[in-house]
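I opened my notebook to look through a protein model, one feature at a time. Come along and check each entry against the picture.

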Amino acid sequence: MKHDHQDAPAAPEPSNARSGPLRIDLLTLFPAMAEGFLKESILGRAVQSGILDIRTHNLRDWAKNKHRRVDDTPFGGGAGMLLAPQPLFDAIEEIRTPGARVVYLCPDGRPLSNTLARELSRAPHLIFVSGHYEGVDQRVRDALVTDEVSIGDYVLTNGTLAAAVVIDCLARQIPGVLGDDQSLVGESFDEADGLLGHPQYTRPADFRGLKVPEVLLGGNHKAIGAWRKEQRIRKTMTRRPDLLPPGFAETPPEAKKPKTKRKAKREKSEGAEA
Ligand code: ADE
């Protein structure tokens, strides 16, 4: 079954019921493009600590011809080459486990969001298929792919970097990966309100005469919370008004509630359940 192209409603989702690591397989013509990235920093530590089990594969290993060719010209003509069905069918059928989601990276897929990343992070097994050239034979998408994901409205030369982006984004949603789960709170697109993040400062309080806002130095956590929220609303209004409900900008400041489309939707669905 292909998963819906829409973002899932912001209803509470079941928490991850996996007992072991999340297994992630990446099928690509360029494993080296992703391998370094996946070994570094937070993802590398998640692999070391057994939260993630990431395996990269060269699609050519499933080619059946002497030259390890995996592509061919499109029927009906047109520019470019397509990844042929045989190596992809063989590879996916060999790697796939029950319940695995097969994610094809493509510019015409469902746009990546934290919501989608969270949903993917709860799967028992993820197989990422990186396209190259003009993409893959449609039969692969129809028969094997469960999710088609785009990382933005632009076209990359292949899907490997896109897969790395999706893996990074979903991995940080898994409890334990960031070390401190609080790191997800207050960042841009925060699950609670969907606003952009607030400005952050560290020592020194005065750097070349550039001062940290006074409120952050006083230790009044209520005042700090209110300042941060206000900053997040302001930034969202100027940079991403599309994240806010219609009419938000015209609302008088005293009546303004920091409620984004996502929050309004969740409250509506909670109201309907009550
Ligand atoms: N492959 C090429 N462009 C892409 C994009 N924008 N997102 C995901 N995969 C891609």
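Below are my entries, from the whole chain down to single residues.

**Entry 1: ground rules**

I noted that this is a predicted model, where local features need pLDDT of at least 70, side-chain atom pairs count only at pLDDT 80 or more, and totals for chains, interfaces and linings use all residues. I count residues from 1 along each chain as its sequence is written.

**Entry 2: the whole protein**

How many helices and strands does the protein have? I found eight helices and nine strands; helices (H or I, at least four residues) and strands (E, at least two) are DSSP runs, numbered from the N terminus.

Next I looked up burial. A residue is buried if 20 or more other C-beta atoms lie within 10 Å of its own, exposed if 12 or fewer, and partly exposed in between, with C-beta atoms placed from the backbone. Of the 274 residues in the protein, 26% are buried.

Then I turned to contacts, where two residues qualify if their C-beta atoms, placed from the backbone, lie within 7 Å. Among contacts with a separation of 6 or more, 75% join residues 24 or more positions apart.

**Entry 3: the sheet**

A reminder to myself: strands of a sheet pair through backbone hydrogen bonds, either parallel or antiparallel. I call two strands paired if DSSP finds at least two bridges between them.

In which order do the five strands of the open sheet lie? I read β2-β1-β6-β5-β7, with parallel pairing. The edge strands are β2 (52-58) and β7, each pairing on one side only. From one strand to the next, the twist averages 30°; for such angles, axes are lines fitted to C-alpha atoms, for helices over the stretch in contact, and angles run from 0 to 180 degrees between N-to-C directions.

I started with β1 (residues 22-28), which runs parallel to β2 and is joined to it by seven bridges. Aspartate 25 has arginine 55 in β2 as its bridge partner.

Then I moved to β5 (residues 101-111). Five bridges pair β5 with β6 (residues 125-130) in the parallel sense, and arginine 101 has leucine 126 of β6 as its bridge partner. Between these two strands the chain passes through helix α4 (residues 114-121), and this β-α-β crossover is right-handed. That label applies if, with the strands pointing away from the viewer, the path from the first strand over the helix to the second runs clockwise.

β5 also pairs with β7 (residues 147-150), again in the parallel sense over five bridges. Here I saw tyrosine 104 opposite glutamate 148 of β7.

**Entry 4: two helices**

I recalled that two packed helices are described by the angle between their axes and the distance between the axes. α4 packs against α6 (residues 160-171) at an angle of about 80°, with the axes 8 Å apart. The two helices are therefore roughly perpendicular to each other; angles under 35 degrees count as roughly parallel, over 145 as roughly antiparallel, 65 to 115 as roughly perpendicular and the rest as oblique.

Which residues make the contact? From α4 I listed Ala117, Leu120 and Ser121, and from α6 Val166, Cys169 and Leu170. By class, that gives five nonpolar residues, one polar and no charged ones. The classes are: Ala, Val, Leu, Ile, Met, Phe, Trp, Tyr, Cys and Pro nonpolar, Asp, Glu, Lys and Arg charged, and the others, Gly among them, polar.

- The peptide bond from arginine 203 to proline 204 is cis, with omega near 0°. Proline 204 sits in the loop between α6 and β8 (206-207).
- Serine 41, in helix α2 (residues 41-48), is not a glycine but has a positive phi of about 50°. I found serine 41 exposed, with 10 other C-beta atoms within 10 Å.
- Arginine 208 lies in the loop between β8 and β9 (210-211), and its phi is positive too, about 50°.

Asparagine 58 and proline 31 are 27 residues apart along the chain, yet their C-alpha atoms are separated by 6.0 Å.
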